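Please look over the sequence and the structure, then read the notes by topic.

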Amino acid sequence: MPSAEAQKGSPLTLVLMVASAAIGGTLQYGYNLAIMNAPTIFIQTFVNETFLERWDIQLEDYQVTLVWTIIVSIFSLGGLIGALIAGPMTIRFGRKKCLLLNNIFLMAGALLAVTSRAAKSFEMIIISRVLVGINAGISMNVQPMYFGESAPKHLRGAISLSSAVFTAFGVVLGQVVGLREILGSEPCWQYLLASNAIPGFIQLVTLPWFPESPRYLLIDRGDKEACIKALRRLRGCDVQNCELDEILQEQAETRGMRPSRPWELFADRSVRWQLITVMIISSAMQLCGNDSNLLIERLGRRLMLMGGFILMTIWAVVFTISLWFESSVSWMSYLSMACIFTYILSFGMGPAGVTGVLPTEIFNQTARPAAYMIAGSMMWINLFITGMLFPFLVRELSEFCFVPFAAVCLLSALYVGLFLPETKGKSLSAITSEFHRLNFKGQEEKCGSQAQYRLAEVRLSTDL
C-alpha cells in the first residue's frame, strides 16, 4: 500500500505531466514543420535520381518542385485525418492513453523515413509525412483537452498556453537539429526525418507514470475514487470540495447522454455560438498568416484574443507600408523585420495561447471531443489553404500580400469583442448560461413578451 504522502503527490506533478505530454505532443508539430527546411535540396535530388533509375526519366525543375510540394503539403492532410479520429479515440481510450497510442503513427512514420533512402522510394517519405501528420493532428486536439481537464481553474489558461510554447520550442529544436553540423547534411537527411521518434520515445517512457484526466475518470468512466486520486496527485494536496462539486455537477448534467458526434453539434441550438466561436478562432489562427503566459490568467481570454488580433492587424498594416517604401527608404527593411517579429509575438500572446483552451471551457464533457474534432479540422484545412494560396498572394499582390491577413485579424477581433464572453475563472455552468442568452436570444425575448402579456391579462381579469 502506498503511503498517504505518496498518494497526495506533489505540485510538481502537474508541471512534469505537462512536459511529458507536450514533448511527444505539440512539440512534434513544430519540430516536424521545421525539419523539412534543411534537406530540401537533398530530397529533391533523391526524387530526381529515383525517377532516373526507375524509368530513365529526367524530371524538369517544376516536376521536382511539384513532388516536393506534395511531400511537404501532405502533412496537412495527415493532420486533418488525425483531427477527425482524435475525438473517437479520446472517448474510447481516454486522454492519456490516446496520446500514448498516438505514437504508433509516429514510430511507423519514422521507420518509413529512415529506410526510404535504402529502399530508393520517395513514396515512403510521402507515406511517412502522412503518418507524422496524423500524429500531429491527434496531439493538437487531445493535448489541450488533457491539460484543460487536468489543470485547476485558476491555471487552466496558463497550462494550456504551454501547448503553444512547446510548438515554438519544437520549431527551434528542428532548426537546430537541421544544421549541417548535426543532421542537416546530405548523408544524414533520412536520419533527420526520423529523429522525431526520440521525443515520442521520451513520452512513451514518462507519460504512463502520470494520472488520467480527472474529468474523464469521473464523468466518462464514473470512477469517483480514481478521480479523487488523480486530483490529489495533480494538486499535491487534499481535494477541494468546490472543485469536486463542479465536476460532479457536470456529471449530473450529462448523465445518460452519449458523446455528441460532430454533425450533431451543428444541429444543436444550445451550442450554436460556442461552435461558431471555436470555428472562427481556429480558422483565424491559420488564416492570420502565421505558419507572457501569466497575462492569460491576469487579463482573461477575451482581452488576450482581441488584443492579439488587433496588434496583428496593426503590425500587418505597418509591414505593408514598410514594404511599399522599402526601395526608397534605406531603413525600412529593418522596420519590416521588426514588424515580422512583433506580428509573431502578438500571435503567440493572443490566438496561439488562448485558442487551445476554449473548447475545454465552453463545451461540456459529452460535446468536447466533437468540438475539438471540428476545431482541429478547421485549423488543418485553413493551414492547407494558406500554404497553397500564399505564393499566389505574393505574386499577385506583391507588397500588399499581408492585407488579406490584416482583414482576417480585424474581423476576428470584432467577433471576439462582440460575441465571446469572458471565461477566465468561471465554471462551465456560468459560461453556458452566458452562451444560452446568445443561443436562445429570440426565444427568450418572445417568452418574456408572452409572460408580460399573460400578466396583463391576469391584472385585467382581477380588475374586472
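The notes below cover aromatic pairs, a pocket and salt bridges. The model is predicted. A search of the whole structure finds 12 aromatic pairs and 8 salt bridges.

**Aromatic pairs**

- Tyr29 and Phe75 form a stacked pair, with 6.3 Å from centre to centre and 20° between the planes. Tyr29 lies in helix H3 (residues 26-34) and Phe75 in helix H5 (residues 61-93), so the pair ties together parts that are 46 residues apart in sequence. Tyr29 and Phe75 are both buried.
- Phe51 and Trp55 form a tilted pair, at 5.0 Å centre to centre and 55° between the planes. Both residues lie in helix H4 (residues 40-55), where they are 4 residues apart, about one turn of the helix. Phe51 counts as buried at 16% relative accessibility, and Trp55 counts as partly exposed at 45%.
- One aromatic cluster is formed by Phe319, Tyr343, Phe402 and Phe405.

**The second largest pocket**

- The second largest pocket holds about 370 Å³ of space. It is lined by 23 residues, of which Pro152, Lys153, His154, Arg235 and Glu243 are the closest to its centre.
- At least two lining residues come from each of helix H2 (12-23), helix H8 (122-150), helix H9 (156-177), helix H13 (224-235) and helix H14 (241-254). H14 gives the largest share of the lining, 4 residues.
- Sorted by class, the lining of this pocket has 12 nonpolar, 8 charged and 3 polar residues.

**Salt bridges**

- Glu53 and Lys120 meet through their side chains in a salt bridge of 3.0 Å, N to O. Glu53 lies in helix H4 and Lys120 in the loop between helix H7 (103-119) and H8, so this pair ties together parts that are 67 residues apart in sequence. Glu53 counts as exposed at 55% relative accessibility, while Lys120 is partly exposed at 44%.
- Arg117 and Glu186 form a salt bridge of 2.5 Å, N to O. The pair links distant parts of the chain, with Arg117 in helix H7 and Glu186 in the loop between H9 and helix H10 (189-194), 69 residues apart. Arg117 is partly exposed, with a relative accessible area of 23%, and Glu186 is partly exposed, with 37%.
- Lys229 and Glu225 form a salt bridge in which the closest N and O atoms are 3.6 Å apart. Both lie in helix H13, 4 residues apart, about one turn of the helix. Lys229 counts as partly exposed at 41% relative accessibility, and Glu225 counts as exposed at 54%.
- A network of salt bridges links Arg95, Glu149 and Arg368.

Key: Residues numbered from 1 in each chain as written. Predicted model: local features only at pLDDT ≥ 70, side-chain atom pairs only at ≥ 80, totals over all residues. Heavy atoms only, no water. Phe/Tyr/Trp six-rings, centres within 6.5 Å; stacked < 30°, edge-to-face > 60°. Buried < 20%, exposed > 50% of the residue type's maximum accessible area, 1.4 Å probe, protein only. 1 Å grid on protein atoms, 1.4 Å probe; cavity = no way out; pocket = protein on both sides within 12 Å on 5 of 7 lines; lining within 4 Å. Points joined across faces, edges and corners; volume = space filled by probe spheres on them. Nonpolar A, V, L, I, M, F, W, Y, C, P; charged D, E, K, R; others polar. Salt bridge = Lys/Arg side-chain N within 4 Å of Asp/Glu carboxyl O.
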